[in-house]
Amino acid sequence: MFKSEAASWFRIYEMFQFGSFHMYGIMGSALALGVIGVQIIKRKNIKPINGDEMSLKPKEKGVSRYLIGGIIFGLGWALSGACPGPMYVLAGAGYVSILIVIVGALLGTFLYGVIKDKLPH
Amino acid sequence: MNLIFEPWPWYVAGPLIALVMFVLLFLGKQFGMSSNLRTACSVMGAGKVSDFFKFDWKAQRWNLMIVLGAIIGGYIASNFMSDNIVLINPDVAQQLATDYNINSANQAYLPTEIFGLENFAEPKNILILLIGGLLVGFGARYAGGCTSGHAISGLSNLQVPSLIAVVGFFIGGLIMIHLIYPLIF
């Protein structure tokens, strides 16, 4: 994360300005390999080492929770320049102010838990 | 050994992320970085306030290990393998300086104007960071995943809900950058 600069606010800003292929390259290549790999797993029925089924369950159907939740997430992602993974990475790298973002994320998660039954899903 | 000090190009980073996803799948788990926020809330006792946090969080301890790994990774990468400067498209950097007075592009990993300790006490910066985090936490849980869970894992599994989520991520990001930033900065 850190070495690829995916944890950098500047790179996220640049991504939303379409200023560079870099972030799209990271996600696109991960995705390309991911799709191929998952197809191989499914066709050859590969199992994890503990013998159970692979954790490739289909997601619950729906639109509003994914769209609205996604938009809210995207707003935060662009504002703080970080999604959850990079938050922990930046904390390890010593950027103390990311702790405020992490506190915010915990609060946001908590808030969701409290009001979720009143939201459209 | 430039691989140690230079930033990693996308064709190294992307495949590595895919590798992490497959390692986790082979261990019977999934790749997702936001559900541990829910686990953390449960650990801190949020189960008393909402059923959402009443679950067997101990079974999710492996995911907390991943968080620890991410923290350690960030520590090692930043202190031993980086000059901590991110170079972006010069036009974008120029626009940041001209429109928003953010001059630290191409000089740092994060904008010091927002993240720098010297600006730590400024209420506006604290609000930006806090609200940014809040939106990420809330949105990730509402959408049931973040970029790793949806954009990488979900889309790799050809899940339509994940596609909707990713479309949402981008709509949100573009709205923030193009419509809301000019109002804040």
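Predicted model: local features only at pLDDT ≥ 70, side-chain atom pairs only at ≥ 80, totals over all residues.
In helix 5 of chain A, the buried residues are Ile98(A), Ile100(A), Val101(A), Ile102(A), Gly104(A), Ala105(A), Gly108(A), Thr109(A), Phe110(A), Tyr112(A) and Gly113(A).

Helix 5 of chain A itself has 18 residues, and from its first C-alpha to its last it reaches 26 Å, which is close to the 26 Å expected at 1.5 Å a residue.

Let me take one of those neighbours, helix 4 of chain A. In general, two packed helices are described by the angle between their axes and the distance between the axes. Here the axes of helix 4, residues 84-93, and helix 5, residues 98-115, both of chain A, come within 9 Å and cross at roughly 145°, and the crossing in which helix 4 of chain A passes helix 5 of chain A is left-handed. On the side of helix 4 of chain A the contact is made by Pro84(A), Met87(A), Leu90(A) and Ala91(A), while helix 5 of chain A brings Ile98(A), Leu99(A), Val101(A), Ile102(A) and Ala105(A).

Now to the interface, where 96 residues of chain B are in contact with 88 residues of chain A. On the chain B side, at least two residues each are supplied by helix 2 (10-26), helix 3 (35-43), helix 4 (61-80), helix 5 (90-100), helix 7 (123-143), helix 8 (147-156) and helix 9 (160-184) of chain B. Helix 7 of chain B gives the largest share of the side that touches chain A, at 17 residues. By residue class, the side of chain B that touches chain A divides into 67 nonpolar, 25 polar and four charged residues.

As for chain B as a whole, it has nine helices and zero strands, and its C-alpha trace spans about 50 × 45 × 35 Å along its principal axes. Of the 185 residues in chain B, buried residues make up 44%, and among the contacts in chain B with a separation of 6 or more, 42% are accounted for by residues 24 or more positions apart. Ser35(B) and Ala151(B) lie 116 residues apart in sequence and 15 Å apart in space, C-alpha to C-alpha.

Back in chain A, two loop residues deserve a mention for their backbone angles. Phe18(A), found in the loop between helix 1 (9-16) and helix 2 (22-43) of chain A, has a phi near 55°, a positive value in a residue other than glycine. Is Phe18(A) buried or exposed? Phe18(A) counts as exposed, because it has 12 C-beta neighbours inside 10 Å and the cut-off for exposed is 12 or fewer. Asn45(A), in the loop between helix 2 and helix 3 (64-80) of chain A, also has a positive phi near 55° without being a glycine, and with 8 C-beta neighbours inside 10 Å Asn45(A) counts as exposed. By contrast, Met15(A), whose place is in helix 1 of chain A, is buried, with 25 other C-beta atoms within 10 Å. The C-alpha atoms of Met15(A) and Val63(A), which are 48 residues apart along the chain, are separated by 25 Å.

I close with the confidence values. Chain A averages a pLDDT of 92, with 100% of the residues scoring at least 70, and within chain A the confidence is lowest in helix 1, at a mean of 92, and highest in helix 3, at 95. Chain B averages a pLDDT of 90, with 99% of the residues scoring at least 70, and for the complex the predictor gives an ipTM of 0.92 and a pTM of 0.92.

Definitions and conventions
Residues numbered from 1 in each chain as written. Chains lettered and ligands numbered in written order. Contact = placed C-beta atoms within 7 Å. Helix = DSSP H or I, 4+ residues; strand = E, 2+ residues; numbered from the N terminus. Nonpolar A, V, L, I, M, F, W, Y, C, P; charged D, E, K, R; others polar. Axes fitted to C-alpha atoms, helices over the stretch in contact; angles between N-to-C directions. Left-handed = near helix turned anticlockwise from the far one by under 90°. Buried ≥ 20, exposed ≤ 12 C-beta atoms within 10 Å, placed from the backbone. pLDDT = per-residue confidence, 0-100. Expected span 1.5 Å × (residues − 1).
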